[in-house]
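Reader: I have a model open and would like to learn how to read it. Could you walk me through a few features?

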Amino acid sequence: MTRVITRKVVQGLYKRTGTARVDADIAASFKAGDGIRARNINPTGHTRLPRYIRGKQGQIAKDHGVFQFADSLAHGGGKQPQHLYSVRFTAQELWGAGAPARDSLYIDLWDDYLEPHDADA
Amino acid sequence: MTADAHGDADVALRVRALESLLLEKGLVESPAIDEIIDLFENRLGPQNGARVVARAWSDPEFKARLLANATDAIVEMGYEAVQGEDMVVVENTPRVHNLVVCTLCSCFPWATLGLPPVWYKSAPYRSRAASDPRGVLLEFGTAVADEAEVRVWDSNAELRYMVLPERPAGTDAMGEDELLALVTRDSMIGVTRALAP
């Protein structure tokens with residue numbers, strides 16, 4: 001069946017129809033302040049974990065709540081809802097000692113991308 | 001495809017050819033095209049984001065709501081659309097300068113800022129905004145003091161980000177409607193500051 005784009009289809013764009021937030025009671029693996037390391041994964045297909053973050057140490061800044069997982073959706077593996085966090089990385093962790101000491105980068109990462117990492121250990 | 005590689009006339013011709021093909025094949029109805037042009041020319045765009053910023057500058061309670069839960073505060077102002085489902089607003093201060101990028105593609109808050117500018121989608125901006133934000137900011141004419149922190153927000157996942165620029169000095173007597181004119185799209189991406197009055 002061919003889907004025809006009608007005025008009504010376009011009017012659907014005025015609505016917040018595409019939220020990826022999932023209303024589900026799922027436990028969070030991390031909380032704000034926790035140290036983490038981004039896993040070094042190299043999937044063949046779609047992922048929202050950019051290469052420059054893989055293997056790097058950061059800190060959970062905020063828990064955004066439960067969201068569907070973009071990677072599994074793209075691979076036909078369903079929503080696999082899980083917590084999504086805002087994670088802070090220092091510019092020096094990502095780009096080396098020459099980067100400005102105060103600067104940082106925040107990126108949104110799902111539970112499956114993260115492993116605990118105690119910076120003091 | 002950039003404007004450098006193809007003249008405007010060339011692009012317009014291509015768009016017209018595509019439009020008539022889609023209409024002839026019955027894949028798109030003509031009123032849908034009018035609606036989508038109206039949507040992106042008149043209803044979604046940085047004029048919405050500017051209203052949000054001007055109100056936040058003028059109304060401390062709204063600003064607090066906006067920074068705590070940007071999604072609800074923006075919907076409260078009537079700006080609702082796809083690519084604005086879950087919003088985060090980050091505040092520029094003398095100590096923190098925020099900059100938004102999507103390193104993986106071109107994620108952008110349509111409801112408040114409309115479609116992204118071409119440079120935002122370019123590979124050089126997407127890589128250098130993350131690795132050398134201060135250099136990129138300088139190229140936009142924005143110098144950030146060494147003692148301030150630059151925070152880059154990579155909107156790689158499901159949330160969309162917008163910067164609340166600093167209210168410019170000398171605007172204390174200005175109302176929301178006057179302030180609107182000082183809020184540019186680029187200042188809400190974070191590559192520039194709001195205009196001086």
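Reader: Is B:Cys107 buried or exposed?

Author: Buried means under 20% relative accessible area, exposed over 50%, and partly exposed in between, with a 1.4 Å probe and protein chains only. B:Cys107 has 10% relative accessibility, so it counts as buried. B:Cys102 is buried too, at 0%. Please keep in mind that this is a predicted model, where local features need pLDDT of at least 70, side-chain atom pairs count only at pLDDT 80 or more, and totals for chains, interfaces and linings use all residues. Residues are numbered from 1 along each chain as its sequence is written, chains are lettered from A and ligands numbered from 1 in the order written, and side-chain values use heavy atoms, leaving out hydrogens and water.

Reader: How many disulfides are found over all chains?

Author: A disulfide is a pair of cysteine sulfur atoms within 2.5 Å. The search of the whole structure finds zero. For B:Cys102, the closest cysteine sulfur is in B:Cys105, 3.6 Å away, which is too far for a bond. B:Cys107 is in no disulfide either, as its nearest cysteine sulfur, also that of B:Cys105, is 3.6 Å away.

Reader: What does strand 1 of chain A pair with?

Author: Two strands pair if DSSP finds at least two bridges between them. Strand 1 of chain A runs antiparallel to strand 2 (residues 57-67) of chain A, with three bridges; there, A:Arg37 has A:Gln57 as its bridge partner. Three bridges also join strand 1 to strand 5 (residues 114-116) of chain A, again antiparallel, and A:Ile36 is partnered by A:Pro116 in strand 5.

Reader: How many residues does each chain bring to the contact?

Author: Contact means heavy atoms within 4.5 Å. Chain B brings 40 residues and chain A brings 39. Buried area is the accessible area (1.4 Å probe) that two parts lose on being put together, summed over both. Here the two chains bury about 3,400 Å² between them, with 56% of it on carbon and sulfur atoms. B:Glu35, B:Asn156 and B:Glu158 supply 16% of the area that chain B buries against chain A, more than any other three residues.

Key
Helices (H or I, at least four residues) and strands (E, at least two) are DSSP runs, numbered from the N terminus.
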